[in-house]
Amino acid sequence: MNEPKPEISLTDFQQKIKAMYYEKDVVRGVDGTFMWLMEEIGELAAALRGDDRENLAAEFADVLAWLATIANVADIDLSKAISEKYGSGCPGCSRLVCICPNEEKP
(Lines give C-alpha, C1' and ligand atoms only; values in the text may rest on other atoms or scores of the structure.)
Protein backbone atom coordinates (compact mmCIF):
# COMPACT_ATOMS: atom_id res chain seq x y z
CA MET A 1 0.00 0.00 0.00
CA ASN A 2 1.32 3.44 -0.92
CA GLU A 3 1.63 5.82 1.98
CA PRO A 4 0.64 9.41 1.25
CA LYS A 5 3.56 11.69 0.51
CA PRO A 6 3.97 14.73 2.77
CA GLU A 7 2.87 18.10 1.49
CA ILE A 8 5.66 20.23 0.08
CA SER A 9 6.02 23.99 0.32
CA LEU A 10 6.78 26.08 -2.74
CA THR A 11 10.23 26.86 -1.34
CA ASP A 12 10.96 23.19 -0.75
CA PHE A 13 9.68 22.32 -4.22
CA GLN A 14 11.83 24.93 -5.93
CA GLN A 15 14.88 23.73 -4.01
CA LYS A 16 14.10 20.10 -4.87
CA ILE A 17 13.76 20.93 -8.57
CA LYS A 18 17.07 22.82 -8.39
CA ALA A 19 18.83 19.89 -6.75
CA MET A 20 17.49 17.45 -9.35
CA TYR A 21 17.90 19.44 -12.56
CA TYR A 22 19.91 22.66 -12.14
CA GLU A 23 23.06 21.43 -13.90
CA LYS A 24 21.06 20.61 -17.04
CA ASP A 25 18.80 23.64 -16.72
CA VAL A 26 21.55 26.23 -16.53
CA VAL A 27 23.14 24.79 -19.69
CA ARG A 28 19.75 25.00 -21.49
CA GLY A 29 19.37 28.61 -20.34
CA VAL A 30 16.32 30.80 -19.90
CA ASP A 31 15.25 30.70 -23.56
CA GLY A 32 15.39 26.91 -23.89
CA THR A 33 13.74 26.43 -20.52
CA PHE A 34 11.00 28.87 -21.46
CA MET A 35 10.25 26.82 -24.57
CA TRP A 36 9.86 23.67 -22.43
CA LEU A 37 7.52 25.59 -20.11
CA MET A 38 5.40 26.62 -23.10
CA GLU A 39 5.26 23.00 -24.30
CA GLU A 40 4.04 21.90 -20.87
CA ILE A 41 1.41 24.66 -20.87
CA GLY A 42 0.19 23.27 -24.19
CA GLU A 43 -0.07 19.81 -22.65
CA LEU A 44 -2.00 21.32 -19.73
CA ALA A 45 -4.37 23.00 -22.18
CA ALA A 46 -5.06 19.64 -23.84
CA ALA A 47 -5.58 17.97 -20.46
CA LEU A 48 -8.07 20.67 -19.44
CA ARG A 49 -10.22 19.69 -22.42
CA GLY A 50 -10.25 16.04 -21.36
CA ASP A 51 -11.75 14.19 -18.44
CA ASP A 52 -8.70 12.34 -17.09
CA ARG A 53 -8.22 13.91 -13.63
CA GLU A 54 -5.00 12.00 -12.95
CA ASN A 55 -3.44 13.28 -16.18
CA LEU A 56 -4.71 16.79 -15.45
CA ALA A 57 -3.06 16.79 -12.03
CA ALA A 58 0.19 15.52 -13.56
CA GLU A 59 0.15 18.30 -16.18
CA PHE A 60 -0.39 20.95 -13.48
CA ALA A 61 2.59 19.47 -11.61
CA ASP A 62 4.71 19.56 -14.78
CA VAL A 63 3.87 23.22 -15.44
CA LEU A 64 4.76 24.12 -11.88
CA ALA A 65 8.03 22.17 -12.15
CA TRP A 66 9.04 23.98 -15.32
CA LEU A 67 8.05 27.34 -13.80
CA ALA A 68 10.28 26.54 -10.80
CA THR A 69 13.01 25.49 -13.22
CA ILE A 70 12.97 28.74 -15.15
CA ALA A 71 12.86 30.69 -11.87
CA ASN A 72 15.97 28.80 -10.76
CA VAL A 73 17.80 29.57 -14.00
CA ALA A 74 16.77 33.25 -13.69
CA ASP A 75 17.76 33.25 -9.99
CA ILE A 76 14.27 34.16 -8.74
CA ASP A 77 12.92 32.94 -5.40
CA LEU A 78 9.29 32.15 -6.22
CA SER A 79 8.09 32.24 -2.61
CA LYS A 80 9.60 35.67 -2.10
CA ALA A 81 8.22 36.95 -5.41
CA ILE A 82 4.72 35.67 -4.59
CA SER A 83 4.85 37.10 -1.08
CA GLU A 84 5.97 40.51 -2.31
CA LYS A 85 3.36 40.73 -5.07
CA TYR A 86 0.35 38.93 -3.52
CA GLY A 87 1.14 38.69 0.20
CA SER A 88 -1.02 41.68 1.11
CA GLY A 89 -3.87 40.89 -1.27
CA CYS A 90 -4.70 41.85 -4.82
CA PRO A 91 -1.91 43.91 -6.39
CA GLY A 92 -4.55 46.09 -8.09
CA CYS A 93 -6.94 46.97 -5.25
CA SER A 94 -4.95 45.70 -2.24
CA ARG A 95 -7.97 43.74 -0.99
CA LEU A 96 -7.98 40.11 0.08
CA VAL A 97 -11.07 39.60 -2.07
CA CYS A 98 -10.45 41.45 -5.33
CA ILE A 99 -12.84 44.23 -6.28
CA CYS A 100 -11.02 45.30 -9.45
CA PRO A 101 -13.31 45.79 -12.46
CA ASN A 102 -13.61 42.68 -14.64
CA GLU A 103 -12.06 44.57 -17.56
CA GLU A 104 -8.76 44.84 -15.66
CA LYS A 105 -6.26 42.24 -14.57
CA PRO A 106 -6.41 40.30 -12.30
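Okay, let's start with Asn72: its relative accessibility is 7%, so Asn72 counts as buried, where buried means under 20% relative accessible area, exposed over 50% and partly exposed in between, with a 1.4 Å probe and protein chains only. Before I go on, this is a predicted model, so local features need pLDDT of at least 70 and side-chain atom pairs pLDDT 80 or more, while totals for chains, interfaces and linings use all residues. Residues are numbered from 1 along each chain as its sequence is written, and side-chain values use heavy atoms, with hydrogens and water left out.

Back to Asn72. You'll find Asn72 in helix H2; helices here are DSSP runs of H or I, at least four residues, numbered from the N terminus. Leaving aside residues up to four places away in sequence, Asn72 touches Gln14, Ile17, Lys18 and Tyr22, contact being heavy atoms within 4.5 Å.

So what about H2 itself? H2 covers residues 53–73, and at 1.5 Å a residue its 21 residues should span 30 Å, which agrees with end C-alpha atoms 30 Å apart. That expected span is 1.5 Å times one less than the number of residues.

Now the ends. Asp52 caps the N-terminal end of H2, with a side-chain oxygen 3.1 Å from the backbone nitrogen of Glu54. After H2 comes Asp75, with a positive phi near 60 degrees.

Over to H1, where Asp25 sits. Is Asp25 buried or exposed? Buried, because its relative accessibility is 3%. The side chains of Asp25 and Arg28 are joined by a polar contact of 2.9 Å; that's a pair of N or O atoms within 3.5 Å, where within protein one must be able to donate a hydrogen and the other to accept it, and residues adjacent in sequence count only if both atoms are side-chain atoms. Again setting aside residues up to four places away, Asp25 touches Thr33, Thr69 and Val73.

Last thing, the largest pocket. Its volume is about 150 Å³. Asp25 and Arg28 are both in the lining, along with others including Phe13, Tyr21, Trp66 and Thr69. Which helix gives the most to that lining? H1, with six residues. H1 and H2 each supply at least two.

Key
On a 1 Å grid over the protein atoms alone, a cavity is a set of points where a 1.4 Å probe fits but cannot get out, and a pocket is an open set with protein on both sides within 12 Å along at least five of seven lines; lining residues have an atom within 4 Å of a point. Grid points are joined across faces, edges and corners, and a volume is the space filled by probe spheres set on the points.
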